[in-house]
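Me: I am new to this structure and would like a friendly walk through it. Could we take it one question at a time?

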Amino acid sequence: MSTQTRVQEQYELWLNDQAIDQATKEELQAIAGDAKEVEDRFYRDLEFGTGGLRGVIGAGTNRMNVYTIARATQGLAQFLLATGASSPSVVIAYDSRNQSPEFALETAKVLAGNGIKAYVFESLRTTPELSFAVRYLQASAGVVITASHNPPEYNGYKVYGKDGGQLVPDQAEQVIAEIRSVQSFSDVRRLTRSEAESKRLLEWIGDAVDTAYIEAVTSVSLNTDLVTRMGDQFRIVFTPLHGAGNLSVRAALAMIGFEHVHVVTEQEQPDANFSTVKSPNPEEREAFTLAIRDAKQVDADIIIGTDPDCDRMGAVVKDPQGEYFVLTGNQSGAIMVDYLLRILKERGELPDNGVVVKTIVTSELGAVIARNYGAEVVNTLTGFKYIGEKMTQYEQTGEARFLFGYEESYGYLAGTYARDKDAVIASMLICEAAAYYKSQGKTLYDVLQELYAQYGYFLEKLESRTLKGKDGVEKIQAIMQDWRLQPPAELNGLKVVKVEDFSQGLYGLPVENVLKYTLEDDSWFCLRPSGTEPKIKVYFAVRGETGEAAAQAINGLVQNVMSRVDQFQ
C-alpha cells in the first residue's frame with residue numbers, strides 16, 4: 001500500500017468510525033485542505049519506541065490522543081492476559097503535561113474493561129515513584145503518562161514490566177504485536193470510571209506509597225549525620241521546572257537534614273505549557289536562568305533542577321570566581337560515582353563484587369574512577385531500561401551488587417528500590433556530596449578539577465539535529481545509511497581504528513540502530529537516532545592532558561563529523 005493510499009484510508013476511517021467523538025472529527029475536518037498536515041497525522045501509527053509512545057497531542061494515528069492510548073492499552077492488556085498472570089494489575093502515574101490526567105484515566109478504564117486492576121495515583125507523581133510503586137504493590141506492569149522533557153505540545157505513554165523497569169525489546173515486541181492486532185477502536189474494551197470503581201478494578205493510591213518511596217530513597221543516604229551538622233550552613237536552590245518533582249525532592253532533602261532549600265517561585269507549580277522556559281530540560285543552561293538569579297540572591301552552594309517527570313537531574317555549582325557553572329550529565333555522574341565509592345571504601349563497606357553500570361555513550365571518566373576503587377564497570381545500550389535489566393539480573397543471580405547506574409543524559413540511580421533513573425535520589429546524593437566537600441572547604445567544581453588532574457581531562461559533547469515529520473524520518477535514515485555504508489578511514493587527522501555497528505547485535509547486546517567510531521587516540525563519536533524525539537544525536541568524547549588540549553581536540557572532531565551530517569539538512 002502506498003503512503004498516500006494509507007493516509008487517505010486512515011483519514012476516512014477516523015471520520016467515519018462511530019467510536020470516535022464528534023470533536024475529534026471536527027478537528028480532522030478542519031485540516032482537510034492541508035494535505036501535508038493530513039499526511040503527517042496519518043502516514044503511520046505512532047511508533048511504540050523506547051518503552052512506549054511519545055508524540056504531539058492531536059487527532060490521528062501518528063498523534064497522542066485517547067484513541068491511540070486506548071489502542072495501546074488494549075494491546076498491553078492482551079499481552080498481560082496472555083502471560084497467564086493471576087489477578088494481573090497495573091500501576092498508573094502521570095505528570096504535569098496537557099491531557100495527562102485524561103490519558104491516565106483512559107488507560108485505567110481500558111484495563112478495567114479487560115478485567116485488569118488499575119492502581120492510579122490521585123494526582124501527578126514522578127516517573128521513578130511509578131517504577132518503585134510497581135515493585136511495592138507487586139503489580140504486573142506500570143504505565144506513566146509523560147513526555148519527559150519534550151516541548152509542551154508532546155505527551156507520552158511509557159510501559160514498565162513487573163520488575164519496575166521499562167520494557168526491553170523482546171517484551172516491547174510482544175506488546176507491539178498485540179497492539180497491531182487491534183484493528184478497530186470498537187475492538188477496545190473499556191468500562192466507565194464508576195463501573196471500574198464499583199467492581200474494584202480502579203483503586204486510587206497516594207500517601208502510603210509516597211511515604212514508602214521517600215523512605216526507600218533516603219535509606220540510600222551515606223552521610224545523614226554530616227548533612228544534619230552542615231544543614232544550617234548549606235543552601236540549595238531547587239527548580240522542578242513546572243513538573244512533578246517539587247514535593248518528592250523537597251521531602252527527601254528535608255528528611256536527611258537539609259534546612260535551607262529555596263524553590264524558584266515562578267517554576268514551583270505544575271504548568272503544562274512550561275511558560276518560563278524554552279524547554280523544561282535540565283540539560284540546557286537556559287532552564288536554570290531563574291534558578292541562577294535566585295542562587296545569587298541567597299548565596300546558594302548548589303542549584304538542582306529536575307525535568308517534568310523528575311527522572312533527570314541537572315546541577316549547577318560555584319566556580320573559583322563565584323560564578324555558577326552548569327555541570328554536564330557526565331560530570332555530575334563522575335562526581336557521584338567518586339563520592340559514593342569513596343565513602344563506602346572509607347567505611348570498609350565497598351563490596352568485592354560491586355558494579356557500576358553506564359551506557360555506551362556515557363563518558364569513560366566515571367568508568368576509570370570506578371575501576372580505581374576496584375568496582376567492575378558494565379556498559380549497556382542507550383536507555384535506562386538496559387541498566388534496569390542488568391539490576392534485575394544481578395538481583396536474581398546474586399553475581400554482583402549494583403552500586404550505581406547512570407547515563408550522560410542526566411539520568412542516575414543508586415539503590416535497588418526502583419528500576420529507572422531517579423532525579424529525587426540524584427538530587428539528594430549530589431547535594432549530600434556538595435555538603436560533604438564543603439565541610440572540607442571545597443566546592444564540587446574543585447572536586448571535578450581534582451578528578452581531571454588525577455584521571456585525565458575527559459571532555460564530551462552532544463550535537464542534535466531535529467528533523468520533524470515524514471521527511472525528517474527519511475533524512476535520519478539517510479544519515480545513518482551514509483555513515484554505515486561509507487565509514488571514514490580517518491577523521492581530524494587521526495585513524496579510525498574501530499567501527500561498531502550495534503544493529504548487528506554486538507557483545508550480546510540487543511539490536512539497536514547505533515554506530516560508534518573510535519579513533520587511534522581513544523577519542524570516539526557515536527551516531528544514534530533518538531527513540532523519543534524527531535532527532536538524530538551525535539555524541540563525542542575525548543581525553544586530553546590538559547583542558548585546553550581536550551577542548552581543541554573535541555572542537556575539531558565535532559566540526560569534521562557534523563559537516564558531513566549536515567549535508568542532509
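Predicted model: local features only at pLDDT ≥ 70, side-chain atom pairs only at ≥ 80, totals over all residues.

Me: How many of the seven residues of strand S14 are buried?
Reply: Residues are numbered from 1 along each chain as its sequence is written, and side-chain values use heavy atoms, leaving out hydrogens and water. Strand S14 covers residues 401-407 and is largely enclosed by the rest of the structure, where buried means under 20% relative accessible area, exposed over 50% and partly exposed in between (1.4 Å probe, protein chains only); strands (E, at least two residues) and helices (H or I, at least four) are DSSP runs, numbered from the N terminus. The number of buried residues in S14 is six.

Me: In S14, which residue is the bridge partner of Val357?
Reply: Strand S12 (residues 354-359) pairs with S14 in the parallel sense over five bridges; strands count as paired if DSSP finds at least two bridges between them. Within S14, the partner of Val357 is Gly405.

Me: Which residue takes a positive phi in the hairpin of S14 and S15?
Reply: S14 and strand S15 (residues 411-413) run antiparallel and are joined by three bridges. One of the bridge pairs is Glu407 with Gly411. Three residues lie between the strands of this hairpin, and the one with a positive phi near 70° is Tyr410.

Me: With which side chain does the side chain of Arg312 make a polar contact?
Reply: Arg312 sits in the loop between strand S9 (302-306) and strand S10 (313-318). Its relative accessible area is 12%, so Arg312 is buried. A polar contact is a pair of N or O atoms within 3.5 Å; within protein, one must be able to donate a hydrogen and the other to accept it, and residues adjacent in sequence count only if both atoms are side-chain atoms. At 3.4 Å, the partner of Arg312 is Glu283.

Me: How many residues apart in sequence are the parts that Lys421 and Asp311 tie together?
Reply: Lys421 and Asp311 form a salt bridge, with their closest N and O atoms 3.7 Å apart; the term means a side-chain nitrogen of Lys or Arg within 4 Å of a carboxyl oxygen of Asp or Glu. Lys421 lies in the loop between S15 and helix H16 (423-438) and Asp311 in the loop between S9 and S10, so the parts they tie together are separated in sequence by 110 residues.
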